[in-house]
Amino acid sequence: MKKNSNNNDSELVEKVKKGNKMAFNFLMNKYYSRVYASLFSFTKSHEDSEDLTQMTFLKVWQQITTFRGDSAFFTWVYRIAINLAKNYVSSANFKKQKINTSIEEADIEIKSFDDSELSLIHEQSLHKIRNFIGSLPESLRTAFTLREQDGLSYEEIGKITNTPIGTVRSRIYRARESILDHINQEIIKND
Amino acid sequence: MTDINEKLSALYDGELEKNEIDNVLRELENSNELKKTLSIYSLIGLSIRDKQNITHIASANLRKDNKIFSKLWLSNALTAAASILLTLFVVNYADFSRMNISTESANKIASAVNSKEAKEVVANSNEFLVDHIMNVINDPAFMDTKNTIDLRNVGYNISDKQNLGYSNGRESFKLRIENSDFGLNRIRYWRHGNKMIYLVPISGGRVVTIYGNISASKAIQIANSIKQ
C-alpha cells in the first residue's frame with residue numbers, strides 16, 4: 001500500500017530555501033525527535049545525541065539550498081545526521097569545536113528538548129502514553145495508529161475505514177488532542 | 001484555536017492544503033504553545049512508531065536517574081559543556097557588544113523599567129536578572145568581591161589581588177556568587193564586547209556569575225568546582 005509521502009514537506013522546504021525561518025522551525029520540530037532517536041542508537045548518549053541533532057539542524061539550515069529534492073526531505077536530513085555521527089567518532093575535539101562553531105555561526109534558533117518533552121522519553125511515560133492510546137475510542141485509535149504506526153495517508157485511511165478524508169483528519173486530530181491532554185494532566189503535571 | 005490545532009495536525013501529517021500552510025506557519029510563529037504541541041506530536045508518533053529505539057533511550061534515561069534531565073545542577077564538565085550548547089539557542093540572548101545594548105534588549109529593559117504592566121509580566125526573576133547583568137557591565141566594582149575562592153584545582157590563580165581577578169595566563173575573568181538563583185534553572189550567557197557573562201546555577205539555590213574572556217566549557221568547569 002502506498003505510504004504517505006509527507007507532501008507538505010516539499011512546499012515547506014521551498015519556503016525554507018527562501019529564508020522562511022518558521023517553515024524551518026516547523027520541519028525541525030517535526031523531525032527533531034526522529035533524528036535524535038536515530039543518533040541515540042549510534043551514540044548511546046543523550047548529551048551527544050542532542051548535540052548532534054542540533055548540529056544536524058544547523059547544517060540543514062545552512063545547506064538547505066543544496067537539497068534538490070531527489071530524496072525525501074527526512075532522508076536528506078538523516079544523511080546529514082549520520083555523517084555528523086561519523087565525524088563525532090573520529091574527532092576527539094568534537095565538543096569543543098562544536099560549541100565554538102555554534103556560538104559564532106548560528107543565525108537561527110535551534111530547538112532543544114525542554115523538561116516536559118524530556119519527561120516523556122521515559123519508560124513509565126511511554127507506557128502510560130501507549131496504554132492511553134489503547135483506551136481511545138476505536139474510531140480515533142484506528143485512524144491514529146494507521147497514520148502514525150503504519151504511515152498511511154488520509155486518503156488510504158479513509159478507504160480502509162470507509163470515512164471521508166475530512167473525518168479522518170478530524171479523528172486523527174482528536175486522538176492527538178486527547179493524548180496531549182492526557183500527557184499534560186498525567187505525565188507532565190506529575191513530573 | 002481548535003481549527004488551527006487541527007490544521008497543525010494535518011500539516012504535521014503532510015496533508016494540509018497548500019494555501020493553508022502560510023496561515024499555520026504564521027500562527028505557529030506567535031504561539032509557543034503550538035510549537036510545543038508540534039514537538040509533542042512528534043514524540044507521541046515516535047513512541048508508537050519507533051518503539052524499540054525509544055525504549056532504549058528511555059531505559060538509558062532511567063538508568064541515569066534523571067540526572068541529565070533534572071533542572072540543572074550539572075554533575076561534570078562534559079555534561080555541562082553539552083548542556084550549555086543546548087541552551088545557547090534558546091536562552092534570552094542579549095548582545096551587549098560595544099557597551100551598547102541591542103535594540104531588542106534595550107526595548108525589553110525599557111519596558112521593564114518604564115511600564116508597570118511590563119514589570120509585572122517580566123516578574124521578579126527576570127527583573128533582577130536584567131539588573132544583575134546591567135551591574136556586571138556598568139559597575140566595575142560590582143565584580144570585585146572580597147571573598148577569594150581557590151580555583152587552582154581547575155587551573156586558575158588570582159591574578160590581581162586588588163581586583164580579585166582570576167587567570168590561567170590565557171583566559172582571565174572575575175567571579176562572584178549570588179545567594180539567590182534569580183529563578184534560573186539553566187545556564188544563561190551574554191556577550192559583552194570580547195567578553196562573556198555566564199550565569200550558572202549551582203547547588204544551594206545560588207548562581208555563579210563569571211565575566212571575562214573565557215569559554216563556555218571552562219566557565220562551567222569553574223562553576224562546578226565551587227562546592228562551598
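Predicted model: local features only at pLDDT ≥ 70, side-chain atom pairs only at ≥ 80, totals over all residues.

Trainee: Then what makes β5(B) and β6(B) a pair?

Mentor: Strand β5 (residues 195–202) of chain B is joined to β6(B) by seven bridges, and at least two are needed, so they pair. The two strands run antiparallel, and Pro201(B) stands opposite Val207(B) in β6(B). They form a hairpin with three residues between them. In the turn, Gly204(B) has a positive phi of about 75 degrees.

Trainee: Which other strand is joined to β6(B)?

Mentor: Strand β3 (residues 172–178) of chain B, again antiparallel and through seven bridges. Here Glu178(B) stands opposite Val207(B).

Trainee: Why is strand β6 of chain B called mostly covered?

Mentor: Buried means under 20% relative accessible area, and seven of the eight residues in β6(B), residues 206–213, are buried. For chain B as a whole, buried residues make up 50% of its 228 residues.

Trainee: How many helices and strands does chain B have?

Mentor: Eight helices and six strands. From the N terminus on, the order is α-α-α-α-α-α-α-β-β-β-β-β-β-α.

Trainee: Over in chain A, how do you know that α2(A) and α3(A) pack?

Mentor: Helix α2 (residues 21–43) and helix α3 (residues 46–63) have axes 8 Å apart, at an angle of about 140 degrees. The crossing is right-handed. Contact means heavy atoms within 4.5 Å, and among the residues that make it are Phe24(A), Leu27(A) and Tyr31(A) of α2(A) and Phe57(A), Val60(A) and Trp61(A) of α3(A). The residues of this contact divide into 13 nonpolar, six polar and three charged.

Trainee: Which residues touch the most other members of the largest nonpolar core?

Mentor: That core has 73 residues, and Phe24(A), Phe26(A), Phe57(A), Val60(A) and Phe73(A) touch the most other members. α2(A) gives the most to this core, with 12 residues. Leaving out residues up to four places away in sequence, Phe24(A) touches Val16(A), Phe57(A), Val60(A), Trp61(A), Ile108(A) and Ile110(A).

Trainee: How many residues are in the other core that lies apart from it?

Mentor: That one has 22 residues, including Leu151(B), Phe173(B), Ile187(B) and Ala223(B). As a general point, nonpolar side chains tend to be buried together in soluble globular proteins.

Notes
Residues numbered from 1 in each chain as written. Chains lettered and ligands numbered in written order. Heavy atoms only, no water. Axes fitted to C-alpha atoms, helices over the stretch in contact; angles between N-to-C directions. Helix = DSSP H or I, 4+ residues; strand = E, 2+ residues; numbered from the N terminus. Left-handed = near helix turned anticlockwise from the far one by under 90°. Nonpolar A, V, L, I, M, F, W, Y, C, P; charged D, E, K, R; others polar. Buried < 20%, exposed > 50% of the residue type's maximum accessible area, 1.4 Å probe, protein only. Core = buried A, V, L, I, M, F, W, Y, C linked by side-chain atoms within 4.5 Å.
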